[in-house]
Each structure stands twice: as structure tokens, then as C-alpha cells.
Amino acid sequence: MDISKRIQIKHSNITEYESSVTSPVNIAVIKYWGKRNSELILPTNSSLSCTLSQDHLNTKTTIRASPKFNTDRLWLNGVEEKISASTRLTNCINKARELRKQLENALEDQEENTSEKPLSKWKIHIASENNFPTAAGLASSASGYAALVQALANLYELPLNQTELSKIARIGSGSACRSMFGGFVAWRAGVDPNGEDSYAECVAPESHWPDLHALILVVSDAKKGTSSTSGMSTTVKTSELFPMRIEKVVPERMKKMEEAIKNRDFNSFAILTMKDSNQFHSVCLDTYPPIFYMNDISRGIVHLVHAFNEQKDSTTGKPLGIRAAYTFDAGPNAVIYAEKQHIRELVRIFMHFFPPATTQPASTYFPDPFGVLQSESDDGINVEKAYKGIVPRFDPGSVRRIIHTCVGEGPRSAPPSVSLLNESGMPKRVKD
Ligand code: DP6
């Protein structure tokens, strides 16, 4: 079904315009860490990520422009936030408005389409919600800014492609530029001081490697860690390992990773992913004062993935090879990439070593959207025996939930029925 990018809402005497979109999360396999310009959010290095399916994780955003609104307003998960308190948010909105203004001026000059409404002068109401619990500690800024920019572009009918839009999302949050595409996405660092060549582009669409799946292990952690923004700024200033990563390691890994993706070469993809996550956390430790994002539970997961990759066939004794890769962002949660056929065994291992809290129903711990645990076939692995002595069994609830997802598509228009704003342009759901 074709969904229109924006709709008109006609009241007796005025016409308003509205756009709703959903947008995905992305998880980097070559990490972005470090800025060369923090205002324009220009990175010190290129990075590469997989966009994850919106069926399991997404941000939904509705924006309405109306001549009757007095100020720009924003509600995040039903709570009103002050737009002016965030320079990044203001920058994104101003940029989209400026481009809309240019469009209106051009149309006026051509004396064509004079009926086009002066949307750039109207105030907007924005409502945005994540379909994943904020308490899960998953970074929501990438999908949030991607949704904001896509909805603004649709509302203002900006004649820009996704790469051009990624530059606007980038000034909201660096990693957001990669959520403007589905599949496998590179953010080219660029060299231009104005950031004209710092944008995202699709390396391969989601259809290229449909068997590549991901498990997100949401790790219990009460502490609020160092934010990515401040963490990476301290790394750039203090880490002596960092220049080596930027000048030598990342450029080589970007090439190898693109190659691995093109060839659907899981072995190379996994080794590069794990090594790059480890190096990112090493430069964090080399930052002064040091930054720790991974905890004992995260490290337990690392040991188990390596043990899984070292398993041998029980009859032939031959190594089964590298079948899973871990990666960690600026927090203790693990993302495990693996091909579909290995997910069931991985889930069984993780559920054994990180059992749910005693009071937690299995359906909230691992909702099993692909039905992997329902399959009749038994892989016959005795987890207890095969992984003995690798790590202890962790306390119930150490991992709060496991999300199973796959590589998915970029931002998409949503039908008017999913609008987050009511008739008068206020959010339908408000949190007390
Ligand atoms: C560790 O994009 O959140 O997830 O640009 O300051 O908003 P800002 O940072 P952000 O950093 C993400 C860092 C990372 C690695 C990655 O996603 O590449």
C-alpha cells in the first residue's frame, strides 16, 4: 500500500499539514567514537552499522504544522520537553525550515504554484514515542532524530534524497545519520570543514543478507554511565591509543567490512565486529579518567560467545567455526549478530547462564517473535556440559530481556491512523 508522505487536515476556516513516520535503530559494527567538530557533529572516523527491523524496535513521530499554533512544542513518550533547551534539536528544525523557506521562495519567483502554503512560517507540534522501554537502556537518539528529520522532510516536501537528509540527522546525533537507510550503512567521515561530505550511504540493502539476525541482551545496570557525547570528547583529548585507531585501524577495517558484507562472509564480518567493539572499549579504558561501559555481565557474554565459536562437532570433532559476534555500545548491553540457524542455540545458552528473574514471565524475558524455541528439532547440546567452567551461572535477572530481531528497512511513512496527535494538535497520550 502506498502511504502519502503528508496529509491535509481541513477545518472550517484553516488547513493544516501533518506527517507521521517510523524510523529504525542501528547498531554499529565499526564504531563511531570521536568528533573533529562538535557543533556540526563531524566524526574523526568513518563507521558502519546494520539497521535493525522496525517490527521490534522503532520510533514513531508525528509532526503537524498549523497557522493556529503559537509556539513549537515537543512531547517525547507523552512528556513535554522544551525544544529551546536542546541546541541539537533546534539546529535540526531550523535547518529543515530554512530549506522549506528556500523552496517557497523559489516557487514564488517562478510565480508558479502560488497556492503553496507558507509552512516555513507556521509553528509545529511534534509527538514522538519509542516502542521499546526507555528503561531498557537502548540508545533512542539515533532512531529519534532519524524520525524527526524524515517527518520534517515529508511535511515540508523537501526535494532531498536520503544521503542529503542524513546530513541533517547527523547534526541531531552523529549515529542518527545511519538510521536514514535500511540494511548496511556507512557513515563517510569526510574532510570538508562544513561537513558537506560527511553523510551516510547504503552499502547493501536489507534484502542482501536476510539471514543475518541480532539478539539484544538488555543487561541490568542501575548506574547512569558517561554519555557518548562527553565520553568521546574526553577520549579525543586524552587517549594515546586513539590516533592509531583513527589513522590506521578504522580505514583498513572499513574496507574489509564492506567486502565481508558484500560477500556475506560471516567469519570476517564477525571477527571485525568483535575486534572493533573491543578496540572501542580499549580506547575508553585508555581515556583519562577511564570510561567503563561494559560490566561483569557484559564480560560473561563475551566469554560465552568465544566458547560458542570454539565448539566442535560432537561426531566429527571438527571446529564448527565462528557463528556469532558480540558488540557493545556506550553501555553494558550486548548485541549479538548471528545467522538465523544459530539463534536457537545461542538463546538456549544465554537463558541458561543468565536466567530471568524468578518473578518474570518467560514471555517478557524472551518474547520469541520468530518462534525459534518452538521448533521441534532439538540441537541436542547439553549447555551445562558443553560450557562448563567458562562462566558461572549469573543471578536471575542479570539479563532483563532478550530481544530477537533482524536487519531491516529505513524510515517509512506511517498512515494517518497512527498519528500521535489528536484533532486539536495535542498528543493523544500524555504521561502524568
Ligand atoms: C558508541 O551518536 O550517540 O554508539 O553524536 O554525540 O550524539 P553524538 O553520539 P552518538 O554516539 C554513538 C556512539 C556509539 C557508536 C556508534 O553508534 O557508532
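## A loop residue between helices 2 and 3

Glu157 is found in the loop between helix 2 and helix 3. Helices here are DSSP runs of H or I with at least four residues, strands are runs of E with at least two, and both are numbered from the N terminus. Although Glu157 is not a glycine, its phi is positive, at about 50 degrees. Most residues other than glycine have a negative phi, and most peptide bonds are trans.

## Basis of the description

The model is predicted: local features need pLDDT of at least 70, side-chain atom pairs count only at pLDDT 80 or more, and totals for chains, interfaces and linings use all residues. Residues are numbered from 1 along each chain as its sequence is written, and side-chain values use heavy atoms, with hydrogens and water left out.

## Helix 2 and its two partners

Two packed helices are described by the angle between their axes and the distance between the axes. Axes are lines fitted to C-alpha atoms, for helices over the stretch in contact, and angles run from 0 to 180 degrees between N-to-C directions. Angles under 35 degrees count as roughly parallel, over 145 as roughly antiparallel, 65 to 115 as roughly perpendicular and the rest as oblique.

Helix 1 (residues 87-109) and helix 2 (residues 141-155) have axes that come within 10 Å and cross at roughly 20 degrees. The two helices are therefore roughly parallel to each other. Helix 1 passes helix 2 in a right-handed crossing; a crossing is right-handed if the near helix is turned clockwise from the far one by less than a right angle, and left-handed if anticlockwise. Arg88, Leu89, Cys92, Ile93 and Ala96 of helix 1 make the contact with Tyr145, Leu148, Val149 and Leu152 of helix 2, where contact means heavy atoms within 4.5 Å. By class, this contact of helix 1 with helix 2 has eight nonpolar residues, no polar ones and one charged residue. Ala, Val, Leu, Ile, Met, Phe, Trp, Tyr, Cys and Pro count as nonpolar, Asp, Glu, Lys and Arg as charged, and the others, Gly among them, as polar.

The axes of helix 2 and helix 3 come within 9 Å and cross at roughly 125 degrees. That makes helix 2 oblique to helix 3. This crossing, too, is right-handed. From helix 2, Tyr145, Val149, Gln150 and Ala153 meet Gln162, Leu165, Ile168 and Ala169 in helix 3.

## Helix 5 against helix 6

Helix 5 (residues 242-262) and helix 6 (residues 266-285) have axes that come within 10 Å and cross at roughly 160 degrees. That makes helix 5 roughly antiparallel to helix 6. Helix 5 passes helix 6 in a left-handed crossing. Residues of helix 5 in the contact include Phe242, Met244, Arg245 and Val249, and those of helix 6 include Ser268, Phe269, Leu272 and Thr273. The residues of this contact of helix 5 with helix 6 divide into nine nonpolar, three polar and five charged.

Leu285 lies in helix 6. Leu285 and Thr235 are 50 residues apart in sequence and 9.1 Å apart in space, C-alpha to C-alpha. Not counting residues up to four places away in sequence, Leu285 touches Pro290, Ile291 and Phe292.

Pro289 lies in the loop between helix 6 and helix 7 (296-309). The peptide bond from Tyr288 to Pro289 is cis, with omega near -5 degrees.

## Cavity and pocket

On a 1 Å grid over the protein atoms alone, a cavity is a set of points where a 1.4 Å probe fits but cannot get out, and a pocket is an open set with protein on both sides within 12 Å along at least five of seven lines; lining residues have an atom within 4 Å of a point. Grid points are joined across faces, edges and corners, and a volume is the space filled by probe spheres set on the points. The structure holds one cavity of 30 Å³ or more. The largest cavity has about 50 Å³ of space, and Ser4, Lys5, Arg6 and Ile7 are among the residues that line the largest cavity. Strand 2 (residues 15-24) gives the most to this lining, with three residues.

The second largest pocket holds about 330 Å³ of space. Of the 14 residues that line the second largest pocket, Lys95, Lys167, Ile168, Ile171 and Glu196 are the closest to its centre. Helix 3 (162-170) and helix 1 each supply at least two residues of this lining, and helix 3 gives the most, with four. By class, the lining of the second largest pocket has five nonpolar, three polar and six charged residues.
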